[in-house]
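Hi,

Here is the structure I promised to pass on. Have a look first, and my notes follow below.

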Amino acid sequence: MLDFTPLDNGFALEMDTDLGNVDLCVERIRLFLEERGSHEDLFAVALLAREALNNAMIHGNGLDPSRMVFFRLSAEDGGYDLDVEDQGQGFDWRSRLQARSSVDDVRGRGHEIYRNFARAVRYNDRGNAVRLEYRGNRC
């Protein structure tokens with residue numbers, strides 16, 4: 001299940017925990033950015049979305065198909081805000097903020113990706129929702 005809701009400055013998706021929905025979400029991102037003439041932002045925005053959505057589905061929801069993931073992309077302040085929330089218990093994001101990854105790591109790369117492509121990263125207290133602020137070359 002993947003429900004699409006258009007918004008004035010973006011869109012929202014409600015999806016069940018199915019990794020195939022990550023690709024469908026990225027396709028929606030591509031269409032939205034192309035409509036806005038923001039082709040140059042696609043790689044970074046898609047990478048941020050993929051990482052956050054995969055984390056929500058795998059780590060947050062434990063790949064439980066009965067749990068939902070909520071995604072929102074909005075055009076803000078010359079860039080884009082991505083909001084991702086899962087129905088999991090959350091995690092202690094404060095202990096992971098300064099984590100570093102090496103090029104060979106296949107796990108634990110999320111914060112490294114966020115640091116390199118998002119201007120700001122904000123979690124809710126529980127750790128089951130994140131906002132990534134992308135502002136292009138001004139990160």
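A polar contact here is a pair of N or O atoms within 3.5 Å; within protein, one must be able to donate a hydrogen and the other to accept it, and residues adjacent in sequence count only if both atoms are side-chain atoms. The model is predicted, so local features need pLDDT of at least 70 and side-chain atom pairs pLDDT 80 or more, while totals for chains, interfaces and linings use all residues. Numbering runs from 1 along each chain as its sequence is written, and side-chain values use heavy atoms, without hydrogens and water.

Let's start with threonine 17, in the loop between β2 (10-16) and α1 (20-35); helices (H or I, at least four residues) and strands (E, at least two) are DSSP runs, numbered from the N terminus. Its side chain reaches the backbone oxygen of arginine 67 at 2.8 Å and makes a polar contact with the side chain of asparagine 61 (2.9 Å). Threonine 17 counts as buried because its relative accessibility is 6% (buried is under 20% relative accessible area, exposed over 50%, partly exposed in between; 1.4 Å probe, protein chains only).

Now for a helix pair. Helices α2 (residues 42-60) and α3 (residues 110-117) pack at about 155°, their axes 10 Å apart (axes are lines fitted to C-alpha atoms, for helices over the stretch in contact, and angles run from 0 to 180 degrees between N-to-C directions). That makes α2 roughly antiparallel to α3 (over 145 degrees; under 35 is roughly parallel, 65 to 115 roughly perpendicular, the rest oblique).

Cheers
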